[in-house]
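Q: Can you walk me through this one? I'm new to it and would like the plain version.

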Amino acid sequence: MSKTIIISNRLPVQLEIHNNEIKTTPSVGGLATGMKSVHSGSNDLWIGWSGLTDENIPKNLEEKIDTTLKDHGCAKVKLNAEEVDGFYFGFSNRTIWPLFHYFLEYSEFELNNWEIYKAVNQKFADAIIAKADDDDIIWVHDYQLMLVPQMVKDKKPDISIGFFLHIPFPSYEIFRTLPWREEILRGLMGSDLIGFHTYDYERHFLSSVRRLLGLDVSFNEVHIENRIVKVDSFPMGIDYKKFSEAGKANSLNITENQSDFQQRLNAHKESTKDAKLILSIDRLDYTKGIAKRLNAFEYFLNKHPEYKEKVRLIILAVPSRSNVPQYQLLKKEVDELVGRINGEFSTVNWTPIWYFYRSMPFENLIDLYTSCDIAWLTPIRDGMNLVAKEYIATRTDKTGVLILSEMAGSANEMNESLLINPNNFEQTVAALQQAINMPVEEQQERNDILQKRLERYNVEKWANDFINSLKEQKENSISYVSK
Ligand code: ADP
Ligand code: G6P
């Protein structure tokens, strides 16, 4: 029976070793949380990096690591410290990530990192080639592995290969600044189907293919040698049932079942009856606009002192890519901003910001989603932003207001939220006021529409649409060749 092989840098679980024991933690980030729902319960294989470098793996644990991953339906690609540095922290996160999010000034073009990126992509491709049968489907994910499709196609020309990019594809004017732009495009063109979250990213990609590779693009098909590559948009959904059921269970309000964290949140809400809780959850990443959001919050409190003691901002920032200097600087900036704002506005009874810098278990994430009156998610640029969708899905009684940046891919499907440009502080302040004062009926009306849409276009539908489109494309391609 044919199987699907999922391949991404990040596996759904991360391994750590403490006192010669293997510890697994769920990975954070849209790719891992979304694909995890699709993968669990299937017989598909997921290949990726375990999070450990070769140097960190004691000899006696090697076999156990493999069986631990196997229990999660996964297999590992081994990377040493130099590879992780050049491929992951280097080319992936110091070149491609900032460039594709329009942070051109953060993007570093280092030949050595590019060479390591190529070599590591070949390692991932070899891992697929070793495990794949000709009738399997290969599904490659994200910007860390853009050369893999062509590397696999070279060795297994008849196998079906799909690629999905979880981040924006930038406009041609940005993409063309990359020294290795043609190589990246050629790597991707080894796929039979290339998917993006939005039509805009798809359009940008096709424009680069046409202008940089000179290939014939008609509608959303690219003609290359004797093949056709299809390019399409597939906005990623969430595991709606999981989030809405977790929200329901949480709001049953049975005290014995509540986590300690939830009880504290409830106690807080009781003691500050009219105060609104505003939630912001992101990986600590400069694309998420956390520092700008804090500046906007300060601006809001200065402009509208009547809201002092009436609102509280909860910031949950998950540690991410902390070896990259920009992330270290951001951590410092956020720490200082939180300190300054709390120092400036706190009273004996009130601290305006609660700041958590850590990952949280799923239950606590749900506690936050269900307890907060407003979710304020304002990335400067974001491929999708699943947190926005998760917040709405957990709101069982349909209350809650989402303030969302129009620069997030998810904004395309969430018109009923309050969409803002995060650079426009006046608009942000107006949205905060509107959210704080929005009548319950209006909240429910908006969320009812949003929830129905999220339920219909859930992550399972997203994955099925992609795989079906890939199968269809493969058949069309075969009949095109035989004509
Ligand atoms: P990105 O992929 O850029 O990190 P998304 O919003 O698309 O952004 O996805 C983030 C994912 O990580 C969501 O599925 C969310 O549930 C999960 N997540 C976010 N914060 C935490 C946290 N503190 N602990 C655990 N999981 C988290
Ligand atoms: C984004 C990327 C993913 C990545 C995730 C977490 O969602 O699209 O590919 O896995 O961020 O980042 P990390 O660097 O920890 O894998």
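What follows is a short chat about the chain, its ligands and a few of its parts.

Q: Before we start, what kind of model is this?
A: It's a predicted model: local features need pLDDT of at least 70, side-chain atom pairs count only at pLDDT 80 or more, and totals for chains, interfaces and linings use all residues. Residues are numbered from 1 along each chain as its sequence is written, while chains are lettered from A and ligands numbered from 1 in the order in which they are written.

Q: What share of the protein chain is buried?
A: Buried residues make up 45% of the 483. Buried means 20 or more other C-beta atoms within 10 Å of the residue's own, exposed means 12 or fewer, and partly exposed is in between, with C-beta atoms placed from the backbone.

Q: Switching to ligands: which residues are closest to ligand 1?
A: G29, G30, T33, L386 and V387 are the closest of the 16 residues around it. A residue is near a molecule or strand if its C-beta atom, placed from the backbone, lies within 6 Å of it.

Q: Which element gives the largest share of that shell around ligand 1?
A: Helix 14, with three residues. Helix 1 (30-39), strand 12 (276-283), strand 13 (311-318) and helix 14 (386-393) each supply at least two.

Q: And what surrounds ligand 2?
A: R10, G29, G30, L31, A32, D142, H166, I167, S320 and R321 do. Helix 1 gives the most to that shell, three residues.

Q: How does the shell around ligand 2 split by class?
A: Three nonpolar, four polar and three charged residues. Ala, Val, Leu, Ile, Met, Phe, Trp, Tyr, Cys and Pro count as nonpolar, Asp, Glu, Lys and Arg as charged, and the others, Gly among them, as polar.

Q: Okay, new topic. How do strand 2 and strand 3 pair?
A: Strand 2 (residues 13-18) and strand 3 (residues 21-26) pair in the antiparallel sense over six bridges; pairing takes at least two bridges found by DSSP. V13 stands opposite P26 in strand 3. The two strands form a hairpin with two residues between them, and N19 in the turn has a positive phi of about 50°.

Q: Last one: which residues of helix 16 are buried?
A: Q443, R446, N447, L450, Q451 and L454. Their cover includes helix 9 (240-251), helix 14 and strand 16 (401-405).

Technical notes. Helices (H or I, at least four residues) and strands (E, at least two) are DSSP runs, numbered from the N terminus. Two residues are in contact if their C-beta atoms, placed from the backbone, lie within 7 Å.
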